[in-house]
Amino acid sequence: MHCATKRIAYRDTFVDELYEDIGRLVTGDAVDAHLVEARLRLLARTNSAATAAYWDHHEDGVGVPDSAYKASPPYLFPDREPVRVFETSNTTGTGTGRVAYTPRGMELMKTSIVRNAGARLLRGLAEPAVIRLVPSEQAAPRMIMAHGMEVIARRFGHARLSSCVLDGSGVDRHALRRLLGHAVAEERPVVLIGATSVFVNLCQSLRDEGESWRLPSGSRLVDAGGHKRDRRVSVEETRAMAARVFGIEPRGHCNLFGMTELASQLYDGWDTAVGPLGERPKASEPFVRAQVRAPDDLSLLERGAGLLEVVDLCVLDRPCALLTGDWGLAHPAGVAVTGRVAKARQRGCSLALDQVTAERNDHG
């Protein structure tokens, strides 16, 4: 263990070895996750005085609140210029959150996304048509949702039939019809992936217009981010929409949880209704886990509702634990994400996309 008395540089041997061990942990090698986490905490405590003070006041390693990224975003390597900066939207008027990534941070995020998507989302599919209900990464370079879904599509999707169908004016229906038509003709499974509210807005509009498809067997819907408007739709309602409009069976639906501040994504792990709207528990991995803390004293809860915390060992450039501002429900099957804490800031990417598609729906 590194005995740090001064800031740990980006090119320090300690960071070199930590980066390598995180990569090995994600790819399934026998690496001690507890030791990796301890070293990440040491790095954050050494390189961020604000994080050290926060932990001294609360508990060592407790998640840094997501609101910190709108005020004074922690970044652990001032000696290394970030190669990417992702932002949360300022849609709510509370300010833009900024999250900086070093080259190693970007590579760990890519490794994590590919590993988790391959195991949880794309298993059993060979080059499906990955159709994203988000803007392209080129159009939205600071939106981490656009980046993550681009990584998935490039790694797993069919090159000709995988594309984004959302732009600044809403869903491109012509492009959607063309891609779905080709996939059906080729009997190629489709993976529809995008923000929850965008999917709901689209399905409502298509239903009103009487338009539907029967997508090939194995097709899947992956919704992310939850609902941002007053009307919250249950998991069963979401699945009914997917079946009615796209012919996707209930077992083909999965929800994922991701945030700009996280490098990893959390997918539904078991098809067991846990939350009040049927939310499924998220699957923890050796490199990322969800847990729940009591709102009053931030103690960890084994059962019941509290504040959702995510510990993501693929986060190298900032503290690896995040207190999200969402409600989590701890259950023997895992932790379900059940919505934002009252008066908490709504999440940026999904909210911005929801507004675009809702406006398009309202105005035809």
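**Talking through a predicted model**

Colleague: Let's start at Arg-280: which backbone oxygen does its side chain reach at 2.5 Å?
Modeller: This is a predicted model, so take the distances as computed. The side chain of Arg-280 comes to 2.5 Å from a backbone oxygen, and that oxygen belongs to Gly-278.

Colleague: And which side chain does the side chain of Arg-280 make a polar contact with?
Modeller: Arg-280 sits in the loop between strand 11 and strand 12 (288-293). Its neighbours there include Asp-268, Trp-270, Asp-271 and Thr-272. One of these gives a side-chain to side-chain polar contact at 2.9 Å, namely Asp-271.

Colleague: Is Arg-280 buried or exposed?
Modeller: Arg-280 also touches Val-235, Glu-236, Arg-239, Val-335 and Ala-336, among others. Its relative accessibility is 8%, and the cut-off for burial is under 20%. So Arg-280 counts as buried.

Colleague: What about Arg-318, buried or exposed?
Modeller: Arg-318 is in the loop between strand 14 (304-312) and strand 15 (321-331). Its contacts include Tyr-69, Pro-74, Leu-76, Val-99 and Thr-260. With 2% relative accessibility, Arg-318 counts as buried.

Colleague: Which side chain makes a polar contact with the side chain of Arg-318?
Modeller: Val-99, Ala-100 and Tyr-101 are among the residues that Arg-318 touches. The polar contact, side chain to side chain at 2.7 Å, is with Tyr-101.

Colleague: How many Å separate the C-alpha atoms of Arg-318 and Leu-40?
Modeller: Along the chain these two are 278 residues apart. For the chain overall, take contacts between residues at least 6 apart in sequence: 69% of them join residues at least 24 apart. For Arg-318 and Leu-40, the C-alpha separation is 8.9 Å.

Colleague: On to the helices. Are helix 2 and helix 3 roughly parallel or roughly perpendicular?
Modeller: The axes of helix 2 (residues 33-47) and helix 3 (residues 49-57) come within 5 Å. They cross at roughly 110°, and 65 to 115 is the range that counts here. Helix 2 and helix 3 are therefore roughly perpendicular.

Colleague: How many charged residues are in the contact of helix 2 with helix 3?
Modeller: Helix 2 brings Arg-41, Ala-44, Arg-45 and Asn-47, while helix 3 brings Ala-49, Thr-51, Ala-52, Trp-55 and Asp-56. By class that splits into four nonpolar and two polar residues, and the charged ones number three.

Colleague: And helix 1 with helix 5, roughly parallel or roughly perpendicular?
Modeller: Helix 1 (residues 13-26) and helix 5 (residues 103-120) have axes that come within 10 Å and cross at roughly 10°. Among the residues in the contact are Tyr-19 and Ile-22 of helix 1, and Leu-108 and Arg-115 of helix 5. An angle under 35 degrees is the test, so helix 1 and helix 5 are roughly parallel.

Colleague: Which are the edge strands of the open sheet?
Modeller: The sheet has six strands in the order 5-4-8-9-10-11, with mixed pairing. An edge strand here pairs on one side only, which gives strand 5 (163-164) and strand 11 (266-267).

Key: Residues numbered from 1 in each chain as written. Predicted model: local features only at pLDDT ≥ 70, side-chain atom pairs only at ≥ 80, totals over all residues. Heavy atoms only, no water. Axes fitted to C-alpha atoms, helices over the stretch in contact; angles between N-to-C directions. Helix = DSSP H or I, 4+ residues; strand = E, 2+ residues; numbered from the N terminus. Parallel < 35°, antiparallel > 145°, perpendicular 65-115°, else oblique. Contact = heavy atoms within 4.5 Å. Nonpolar A, V, L, I, M, F, W, Y, C, P; charged D, E, K, R; others polar. Pairing = 2+ DSSP bridges. Buried < 20%, exposed > 50% of the residue type's maximum accessible area, 1.4 Å probe, protein only. Polar contact = N/O pair within 3.5 Å; in protein donor to acceptor, adjacent residues only side chain to side chain. Lists of a residue's contacts leave out its neighbours within four places in sequence.
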